[in-house]
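User: I'm new to this one and would like to learn how to read it. Could you walk me through its features one by one?

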Amino acid sequence: MNEFLAPSSVQEDVEGFTGNDAPPSLAEIAFIRCVERLEDLIDAETQVLRSCARIDFEALNLRKTHALLEFTRVARNLPPRASSLAQQRLNRLVEKLGSNTEALQLHLHAMQEITCLIVESIRSDESDGTYSRKGAPRR
């Protein structure tokens, strides 16, 4: 098998293929490679989110946009019934996307909490107390 077409992980899976269906086609191998790149990207983002490190969201979103475009193009070439190997890789990607979603939701919730604190702080600084329950400050 041509190493340019299939990374070692795909090569090992194809060479040791013992499933009931035929070995993956070249289109499926391209799809699997694309899914592996997506997994790497999602894993990296999830790791950064969980470590609370700084994130360049603009660059990350650009990479994800390109990866999604590649995924869409490669998926169009898949046969109607993909091999079990392609399906396994896709299922693994879905699991990783679930973990990534949880990490993103946690960060979004934290950002909403911080935003609420900032808004309340600004409101209390701008208020003269006229409409507060405590009444207007005495001068």
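User: Is E39 buried or exposed, then?

Analyst: To call a residue buried, look for a relative accessible area under 20%. E39 comes in at 3%, so it counts as buried.

User: Which residues is E39 in contact with, beyond its neighbours within four places in sequence?

Analyst: Those partners are R89, R92, L93 and K96.

User: How far do α2 and α4 reach?

Analyst: The idea is to compare the reach of a helix with the span expected at 1.5 Å a residue. Helix α2 covers residues 26-51, and its 26 residues reach 37 Å from first C-alpha to last, close to the expected 38 Å. Helix α4 has 43 residues and reaches 62 Å, close to the expected 63 Å.

User: How should I read the confidence values?

Analyst: Keep one caution in mind: where pLDDT is low, the predicted coordinates should not be read in detail. For this protein the mean pLDDT is 82, with 76% of residues reaching 70 or more.

User: Which elements have the lowest and the highest mean pLDDT?

Analyst: Helix α1, residues 8-15, has the lowest at 52, while α2 has the highest at 94. Over residues 1-8 the pLDDT is below 50, and that stretch has 15 contacts in the model beyond near neighbours in sequence.

User: Now for charges. How many salt bridges are there?

Analyst: The general idea first: side chains of opposite charge can pair when their charged atoms come close. In this structure the count comes to six salt bridges. One of them joins E70 and R37, at 2.1 Å from N to O. That pair links distant parts of the chain, with E70 in helix α3 and R37 in helix α2, 33 residues apart.

User: And how exposed are E70 and R37?

Analyst: Both fall in the middle class: E70 is partly exposed with a relative accessible area of 27%, and R37 is partly exposed at 36%.

User: Which residue does E45 form a salt bridge with?

Analyst: E45 pairs with K64, and their closest N and O atoms are 3.0 Å apart. This pair also links helix α2, where E45 sits, to helix α3, where K64 sits, across 19 residues. E45 counts as buried at 4% relative accessibility, whereas K64 is partly exposed at 24%.

User: What about R123 and E120, how far apart are their closest N and O atoms?

Analyst: They are 3.4 Å apart, in another salt bridge. R123 and E120 are three residues apart in helix α4, so about one helical turn separates them. R123 is exposed, at 53%, and E120 is partly exposed, at 46%.

User: How many aromatic pairs does a search find?

Analyst: To read such a pair, check the distance between ring centres and the angle between ring planes. The whole structure holds one aromatic pair. In it, the rings of F31 and F71 have centres 5.5 Å apart and planes at 45°, so the pair is tilted. It links distant parts of the chain, from F31 in helix α2 to F71 in helix α3 (residues 57-76), 40 residues apart. F31 counts as buried, at 3% relative accessibility.

User: How many disulfides are there?

Analyst: The count is zero. As for individual cysteines, C34 is buried with a relative accessible area of 1%, and C116 is partly exposed with 49%.

User: Finally, what share of the protein is buried?

Analyst: Buried residues make up 22% of its 139 residues. For contacts with a separation of 6 or more, 72% come from residues 24 or more positions apart.

Terms used: Residues are numbered from 1 along each chain as its sequence is written. This is a predicted model: local features need pLDDT of at least 70, side-chain atom pairs count only at pLDDT 80 or more; totals for chains, interfaces and linings use all residues. Side-chain values use heavy atoms; hydrogens and water are left out. Helices (H or I, at least four residues) and strands (E, at least two) are DSSP runs, numbered from the N terminus. The expected span of a helix is 1.5 Å times one less than its number of residues. Buried means under 20% relative accessible area, exposed over 50%, partly exposed in between (1.4 Å probe, protein chains only). Contact means heavy atoms within 4.5 Å. pLDDT is the predictor's confidence in each residue, from 0 to 100. A disulfide is a pair of cysteine sulfur atoms within 2.5 Å. Rings of Phe, Tyr and Trp (its six-membered ring) pair if their centres lie within 6.5 Å; planes under 30 degrees apart count as stacked, over 60 as edge-to-face and the rest as tilted. A salt bridge is a side-chain nitrogen of Lys or Arg within 4 Å of a carboxyl oxygen of Asp or Glu.
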